[in-house]
Amino acid sequence: MTIAKTDAKICGMGHSMKRKEDPRFIRGQGRYVDDIVLPGMLYMDIVRSPYAHAKIKKIDTSAALKIPGVLAVIDGPTLAKYNLHWMPTISSDTQMVLPIDEVMYQAQEVCAVIATERYIAADGADAVEVEYEPLPPMIDPFKSIAKGAPVLRHDKKDQKDNIAFHWEAGDRADTDKAMAAAEVVVTENIYLPRIHVASMETCGCIADFDSAQGKLTVYMTTQAPHAIRTVFALVAGHVGLSEERIRIISPDIGGGFGGKVPVYPGYVIAVAASVVIGKPVKWIEDRMENLQADSFARDYHMKVELGAKKDGTMTALRIKTIADHGYSNASANPSKFPAGLFSICTGSYDLKHAFCEVDAVYTNKPPGGVAYRCSFRVTEAVHAIERITDSLAHKLNMDPAALRMKNFIKFEQFPYKSVLGWEYDSGNYAPALKKAMDIIGYDALRKEQAEKRKKGELMGIGISSFTEIVGAGPSKDFDILGIKMFDSAEIRVHPTGKAIARFGTKSQGQGHETTYAQIVAQELGIPASDVQVEEGDTDTAPYGLGTYASRSTPTSGAACAMAARKIRDKARKIAAHLLEVKEEDLEWEPGKFSVKGAPQKSKTIQECAFAAYTNHPQGMEAGMEATHYYDPPNLTFPFGSYICVVDIDSGTGVVKVRRFVAVDDCGNIINPMIVDGQIHGGLNQGLAPALYEQISYDEEGNITGGSFIDYYVPTSLESPNWETDKTTTPSPHHPFGAKGVGESATVGAPPAIANAVVDALYHLGITHLDIPITPEKVWQALKAKGATA
Ligand code: CDP
């Protein structure tokens, strides 16, 4: 599907239009939640548990309440009066808003102080005295699933163990048989540690209850305003906050990456405080609260087995996973897929037998299991298949590129039905890998590596040829809490031919104000600069499920094209009326209808818009607007091939990424510059967990990685010079052939880096290293082999 390029004035798809939102961002004029100040606004700060597991004996608020400016302390019993001390999670589990008598993880919310100033609220929080009786914490998920382990979620009456859920896909018996028959089997235990998004802006809200109107407005950092409004109505409907009385406004958001999808207790407490006190209440997390208490990502312990023939043909894949979900399953996964889209784990390879299973386990850690810039667990799946593919190559002494080429799903096999149930829409994997190999000079690098190895120098080359799965719906398979995962667009063309377009998604920096305008421009020929894009206000935007999992282009982007086409159909009728010809006598080119054979007789889209309000045919509704709720027939399957070259210092264990080539394919592209930016940012967020970021806990449940002192977010100094290129394989079912792209690089990069490191060390007998691959980890591995310099 090729897309005709409009001229630069219209700036439709394929133009690297400068981002419309950037002038305000780069001038510091963005309007984030913390920029909003309302008359009489109060501030909230939260007292958090120092223990991973403890009984609360007493909360003494007397000293806090004596501080001038402290107005109230809200605790569990206060909320219990309104039955608001518990809330559902978006995975249909339950979670405390504030505890009555027990805390279940370090940094859990214990009570909240409301004051006239931000720092008075903080002083108040310091002055609250909580008496705890520490209880033994359950930190290790393997101990938690062991027989006889104490049941952590004793609040749930049917819970007899610490399993949050068991989920599986594929045919177990068939896969066991194929695995037993395999000529070669490689097995790796791969751990993807707990990490946390570190958006520039932390989470926060201002809850503003207007008692005169009985209406609650919440300005909040949410990636999914409509879904949040529905959840609020479900939680607080019984105290009069029904859905039409709630307005969620998500203004500019400084990064989300999945961490701003869930409902956190802080939001609910701020709402309760505003309703009770009758004034606006602002709550903004600090960085440590954000890292320590908000939903984490990953924490997957995977046993991965790959069976093959001796010639390298992959025959069977089996993965068993223990997923540490912390105290509650608060992941943002579609209801039918509690382990997200993990069953995409056969990746880019034509595997005929596969089985995967996930046991999610409760522990005394913060709740969650959200994505960190990936489509519901696809990063875990890609890491598993791409690491084990390299293990197989090493075991067979085959080149990892040749092994991939041998096993790729072939172009003519698409649409491809995977053995784990997905129908891949389109793909062309071999040319993408070939392109990456040509750009990086693969053969020469292999020669250089052999030379270096002779001299004792450590150099590695790692490949990752990943397949992503993005764009949830379709609604028949995808819902969150029963709300179907379609998405929406509403376009209104004003009489003078300018337009406003509103969407159910919500940009957090991805550039929607620009790319959605370009879609309207492409479809209607109205210049993108004349199209105002709005998202994030539930009182004005059409209902949608929000932005995460790279779903905006596949869903709302598609809805935008469909709504624009409805408008174009109406404009055609108006043009025929104005030109006094039949509709079928008209030809369309972006921006104008002209009479076939008489091109001088034409009407522009702007003229049609004016006529829609001033001279429309009798019997036709006036106006020029359309809404579309797009339910995608399938997901989209972007892919890419990444190659990373590393040099390792055997004296210090430091890994240096020398080169990194990323060839991506997201089908037809709306804005090449924005896609490049998405890839660059995504690569950095792939480098981060590969080499730096990790959150871990000691035996008492104390967090390490809870501040930027020990949670290493890479800066420009650590980032290599990313080299990017692309291939184009359009999605056959998307209205303009696009696939999502926001997360491809975060998903694809970590295994390329990990594979490069292992490739440098394999000849020393080092067959696997878990990410993050820190200098210490490498140095210890080298030391164990007597190979340090
Ligand atoms: O849902 P999210 O916006 O995070 O992800 P996306 O749909 O993959 O889009 C990320 C950004 O890249 C948006 O501004 C898209 O419009 C743009 N994009 C594009 O220009 N062309 C594509 N084929 C896919 C995305």
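This is a predicted model: local features need pLDDT of at least 70, side-chain atom pairs count only at pLDDT 80 or more; totals for chains, interfaces and linings use all residues.
Which element gives the most to the shell around the ligand? Hi everyone! The chain averages a pLDDT of 97, and 100% of the residues score at least 70. Looking at the elements of the chain, strand β16, residues 300-308, has the highest mean pLDDT, at 99. At the other end is strand β19, residues 368-370, with the lowest mean, 85.

Now, back to the opening question. The answer is α17, which contributes 3 residues to the shell around the ligand. Helix α17 spans residues 672-692, and the other elements giving two or more residues are α14 (512-524) and α15 (553-579).

Who else is in that shell? There are 23 residues around the ligand, and the ones that come nearest are Gln510, His512, Ser552, Thr553 and Val741. Sorted by class, the shell has 13 polar, 8 nonpolar and 2 charged residues.

Let's look at some individual contacts. Serine 552 uses its side chain: an N or O atom there is 2.7 Å from an oxygen atom of the ligand. Asparagine 668 uses its backbone instead, with an N or O atom 2.8 Å from a nitrogen atom of the ligand. Asparagine 671 also takes part through its backbone, where a polar atom is 3.0 Å from a ligand oxygen. And how much of the ligand does the protein bury? Taken alone, the ligand exposes 520 Å², and the protein buries 98% of that.

A search of the whole structure finds 23 aromatic pairs. Take tyrosine 300 and phenylalanine 342: their ring centres are 5.5 Å apart and their planes meet at 70 degrees, so this pair is edge-to-face. Tyrosine 300 is in strand β16, while phenylalanine 342 is in the loop between β17 (314-324) and β18 (353-361). The two are 42 residues apart, so to speak a link between distant parts of the chain.

Finally, some backbone details to find on your screen. The peptide bond from alanine 472 to glycine 473 is cis, with omega near 5 degrees. The bond joining glycine 473 and proline 474 is cis as well, with omega about 5 degrees. Glycine 473 lies in the loop between β22 (458-467) and β23 (479-480), and proline 474 has its place in the loop between β22 and β23 too.

One more stop: arginine 377, in the loop between β19 and α10 (378-396). Arginine 377 is not a glycine, yet its phi is positive, near 80 degrees.

Definitions and conventions:
Residues are numbered from 1 along each chain as its sequence is written. Side-chain values use heavy atoms; hydrogens and water are left out. A residue is near a molecule or strand if one of its heavy atoms lies within 4 Å of it. A polar contact is a pair of N or O atoms within 3.5 Å; within protein, one must be able to donate a hydrogen and the other to accept it, and residues adjacent in sequence count only if both atoms are side-chain atoms. Accessible areas come from the Shrake-Rupley method with a 1.4 Å probe; for residues, only the protein chains shown count as cover. Helices (H or I, at least four residues) and strands (E, at least two) are DSSP runs, numbered from the N terminus. Ala, Val, Leu, Ile, Met, Phe, Trp, Tyr, Cys and Pro count as nonpolar, Asp, Glu, Lys and Arg as charged, and the others, Gly among them, as polar. pLDDT is the predictor's confidence in each residue, from 0 to 100. Rings of Phe, Tyr and Trp (its six-membered ring) pair if their centres lie within 6.5 Å; planes under 30 degrees apart count as stacked, over 60 as edge-to-face and the rest as tilted.
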